[in-house]
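Colleague: Please put the model up. I would like to go through it with you.

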Amino acid sequence: MVLIYNAGGVEVHDVKPLRHVVTMLHRGVARVLDASDGEAFGPYERPVSVELVRYVYARWRYERTVPATYSFKAVLQRDRHTCAYCGRSATTVDHVVPRCQDGPSTWQNSVAACRTCNERKGGRTPQQAGMTLMWEPVQPGANAVARKRHAMI
C-alpha cells in the first residue's frame, strides 16, 4: 500500500495499492515523494508515498455536516438493521407517528423495525401501542450512511 498526499505534500489524501499508484505515475497525475532505496517498479522508483500534481478537494472528508438524504435503505443503515423496539434484526422501516395520522417520512419520525414489531404497532404511535423506543431517531450526517468508497485516515 502506498500513501497518497494531496498537492503540497502535507495532507494525506488516500492509501492505494502499488499497482494503482504506478498507473497514477504513468498518467502523470502524481509524482514520487518517498521511494524505497534500490527498488524499482518498471521505469519508476518503488514509491512509499506519492504527491498528487493538482490539489483534489476530498468532498467525502470535508463535508461531514451535510445532512444525509432520507430513504428507507438509509434508515436501516443508520439503525444498523436493528429493531428500535425489541433489538432484533430489522427488515422494515416504521413511522413513529404513522402516516395515517399525518406523520411525515423524515429522519426524526422513522426507525428500523422487525416485521413483528411493525405489524404489532400498526397505525398507532408507540404510546398508543404500549411500546417503547430503545433510542430516539435523529438525522445523521451524510458520511454516517454513505458507502465507504475511500480509506478514511
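Colleague: Which element of the chain has the lowest mean pLDDT, and which the highest?

Modeller: This is a predicted model, where local features need pLDDT of at least 70 and side-chain atom pairs count only at pLDDT 80 or more, while totals for chains, interfaces and linings use all residues. Residues are numbered from 1 along each chain as its sequence is written, and side-chain values use heavy atoms, with hydrogens and water left out. pLDDT is the predictor's confidence in each residue, from 0 to 100. Among the elements, which are DSSP runs numbered from the N terminus (helices: H or I, at least four residues; strands: E, at least two), the lowest mean is 58, in helix α2 (residues 59-62), and the highest is 96, in β6.

Colleague: Why do the buried residues of α1 line one face of the helix?

Modeller: Helix α1 (residues 18-27) has Leu18, Val21, Val22, Met24 and Leu25 buried; buried means under 20% relative accessible area, exposed over 50% and partly exposed in between, with a 1.4 Å probe and protein chains only. An α-helix has 3.6 residues a turn, so residues three or four places apart point the same way. Seen down the axis of α1, the buried residues line one face because they fall within an arc, taken from the directions from the helix axis to the C-beta atoms, of 155°.

Colleague: What do the buried residues of α1 pack against?

Modeller: The face turned away from the buried side carries exposed Arg19, His26 and Arg27. Just after α1, Gly28 takes a positive phi of about 85°. The buried residues pack against four strands: β1 (2-5), β2 (12-16), β3 (30-41) and β4 (44-52).

Colleague: Is Lys121 buried or exposed?

Modeller: Lys121 lies in helix α4 (residues 115-121). Not counting residues up to four places away in sequence, its contacts include Tyr85, Asp94 and His95. With a relative accessible area of 0%, Lys121 is buried.

Colleague: Which residues touch the most other members of the largest nonpolar core?

Modeller: A nonpolar core is a set of buried Ala, Val, Leu, Ile, Met, Phe, Trp, Tyr and Cys residues joined through side-chain atoms within 4.5 Å. The largest has 18 residues, and those touching the most other members are Cys83, Tyr85 and Cys117.

How values were computed: Contact = heavy atoms within 4.5 Å.
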